[in-house]
Amino acid sequence: MRRFFLFLLALVVLAFPAVAQAKHPFTFEDMMKLKRVGEPAVSPDGKWVIFSVVDVDLEANTKTPHIWIVPTAGGQEREIIADQDGDRPRWAPDGKRFAFLSTKQRGSQVWIADFNGSSGTVTGVWMLTWITTEAAGELWSPDGKNIIFTSDVYPECAGTPAEEEACNEKKLDETNKSKVKAQIFDRLLYRHWNAYKEGKRSHIFAAVAPTETPITKAIGLDQARPRDLTPGDYDSPVFSLGGQDNYAFSPDGQEICYTSNHDKNEAASTNNDLWIVPVREGGVAKNITADNPASDSTPLYSPDGRYIAYRAQQRPGYESDRFRLMLYDRKTGEKKNLTEDFDGWVGSFTWLSHSGPEYHLLFVSESQGDATIYEVYTNAGATPKCVLVTKIGDPTPVCVPPFPNEPEKLGERRWGMGHLTYYADKYGLRLTRKAGGYDDDLAITPDGKRVLFTEMSIYAPTEIYSREIDATDDETHPAGTQITHINDEVLSQIDMSADWHVGASHFGNVGSFLFKGAHGDDIQGFLVKPPNFDAAKKYPVKFLIHGGPQGAWGDDWSYRWNPELFAANGYVVIMINFHGSTGYGQKFIDAINGDWGGAPFEDLMKGLDYAEKTYPFIDKNRECALGASYGGYMANWILGHSDRFKCIVSHDGMFNTFSAWGTTEELWFNNWEFQGTPYTNHDMYNKWSPRNSAKNFKTPTLVIHGQRDYRLDVSEGFQLFTTLQTMGVPSKMLYFPDEGHWVLKPQNSQLWYKTVNEWVDQWTK
């Protein structure tokens, strides 16, 4: 009988594995097991999607990318280059090869993989570049003749490709061997984010694309040397923290367009311009956006080569001005704004199609806690009366002219699991909600019928999705399909929070809520409950404050500030998108300019008040405020203006507005946010400096800062910690000598979460 019982038990376990494997709360170790999926690249025949996947080895303290592949129609994804690291795969036009980056030899270099399209396998790999200054950001020309890439070089090294290479190699060797590590600066922006520039500039190089393996057998060593297409003492392309490339090939492969800033004081300028230069030797660059004193960036040629689409801002010096989608006519030089009546930021974008005079583009835009894909139609041959902007898959595009009156509700329709509500006002189309998630990294199949994109949510990190362009979603038959499932196994074992409501009907309930904030405006907040939630219990609160300040919380994934991980050890997590947050229109973003400690602080306090009154499971006597960057500034501001929190965590925050201006690298940011310099607007800097309220500091505070943070110098953290210690306030400092503005190394991140959670537990549990 016992044997028969065990047999039945085995059958139950096999039939219901989820029952046998109990889920557990999210842990840091779980998070490090998750693989980090990169953007999709569709093969020229439309059959395959290649992408990078980063593996984290916590014990080895490393992050290593590899190249994976999956059929475009869906199927089993698999790793195709396993014996070396590989990142940023880009197809050759014929689909028989793809380029990628690897550090296997001589640092980061461009490598080539020979590809069998029938089996979807790599038949061989070999190194294309061997440049001393290393290579990044490779891109194959549409005609198949060249591969461009970026490299940080010494601008004074000029001459033939061989002479430039020899000069750069000599200077690097001298620097590495010298016992004197001093540097001499003669201009600003001598360091940026987490590194000193050391006199080097980012340039774009062109290498002859391979027709044989290796290429030097076909054309010889000297002819195979890359040529500098953007010589001179400028960064070409400009520095970027990620996202869409700041350079592109023309469809015929004869020209590139790139972004460069030639203003004398780059540290105080956002005047990035678009330049075009022939790929042929001796080509002269031409500025095509010199008429705009603000930023122009991320160029992308139309499939027929007639236009260049790009993103542009209008206010010089303001990095958070609205990003518009522009068209540049290569024949006439005319520029057209495609999204003037759309009050959202245009993120990554791509050309969808062109048919006669009508052109279609897709772009991503953030809206109220998520980011979705829009389609813009334009008659490029004439000025349209309005721009048709719609969420892809919506059967009824909405014509958006400039509305002069108050908002008028146009209608509401179902979308997946949530709702869409359209409002038209003087700013254009606005969305109140949709089913959540953050979409990005758009790629179109060669037939123009499908878009591949990445999507993440608060529940799960990035995976790759596919959807038919013209299909319409309904509740039971979504047009979108997830085609990679890299992290399903790990996530299936984790008990994530079960309460994240994003539909319009859920406003005011747990998950997403609205309340009246500063100026009587509606402010959105988010709440995440812990696993095994019991409504009858009281829970302590982690009150997270986002950075930017032009950023936002929402239905997205983060490895550095993960709400699910913060909630996992028994906390309710509350996040408020205060004035200045993105995704609520440009007027809302602009509201924080010159008002850092005003409306945002009021929003945060009123949002927490609302949550305490609305949700009885919140223990208002056990709350801790945590923030980084601007969130760190606000943590410091709260420290001097409220005693409601049991503890505070201030990571990389501004403590002294005057010293922060003098030690930062991107001066345009402080100059705009505080409406001048400390010498031209002393009162503004003085008004919003947290140091001035130091006499009120009482709350136990954990200070965190990285030595290589050049946005907010480590001295800001030292000043805060010194002040707290001198005043006898319980305090501790976590100092990272090898991190910048973000904590990126796996074991450093582990220590960060451990120290933060222990600090919060100490004062709230």
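Biologist: What makes strand 11 and strand 12 a pair in this model?

Modeller: In this predicted model, three bridges join strand 11 (residues 136–140) to strand 12, the two running antiparallel, and since pairing asks for at least two bridges between two strands, the term applies here.

Biologist: Why is strand 12 called largely enclosed?

Modeller: Strand 12 spans residues 146–153, and seven of its eight residues are buried, so the rest of the structure largely encloses it. A residue is called buried when its relative accessible area is under 20%.

Biologist: How do you know whether N577 is buried or exposed?

Modeller: The relative accessibility of N577 is 0%, and because the cut-off for buried is under 20%, N577 counts as buried. This residue lies in strand 41 (residues 572–577), and, leaving aside neighbours within four places in sequence, its contacts are I523, Q524, F526, H546, A552, W553, Y584 and F588.

Biologist: What makes the approach of N577 and Y584 a polar contact?

Modeller: Their side chains are joined at 2.8 Å, whereas the limit for such a pair of N or O atoms is within 3.5 Å, so the term polar contact applies to N577 and Y584.

Biologist: Why are strand 38 and strand 45 said to stand at the edges?

Modeller: The open sheet has eight strands in the order 38-39-41-40-42-43-44-45, with mixed pairing. Strand 38 (512–516) and strand 45 (731–736) each have a single partner strand, so one side of each is left without a neighbour in the sheet. From one strand to the next, the twist averages 20°.

Biologist: How are strand 40 and strand 42 joined, and which helix packs on the sheet touching both?

Modeller: Six bridges join strand 40 (residues 539–545) to strand 42 (residues 618–628), and these two run parallel; K542 stands opposite C624 in strand 42. Helix 11 (residues 630–641) packs on the sheet, touching strand 40, strand 42, strand 43 (647–651) and strand 44 (701–706), and its direction makes about 145° with that of strand 43.

Conventions:
Residues are numbered from 1 along each chain as its sequence is written. This is a predicted model: local features need pLDDT of at least 70, side-chain atom pairs count only at pLDDT 80 or more; totals for chains, interfaces and linings use all residues. Side-chain values use heavy atoms; hydrogens and water are left out. Buried means under 20% relative accessible area, exposed over 50%, partly exposed in between (1.4 Å probe, protein chains only). Helices (H or I, at least four residues) and strands (E, at least two) are DSSP runs, numbered from the N terminus. A polar contact is a pair of N or O atoms within 3.5 Å; within protein, one must be able to donate a hydrogen and the other to accept it, and residues adjacent in sequence count only if both atoms are side-chain atoms. Contact means heavy atoms within 4.5 Å. Axes are lines fitted to C-alpha atoms, for helices over the stretch in contact, and angles run from 0 to 180 degrees between N-to-C directions.
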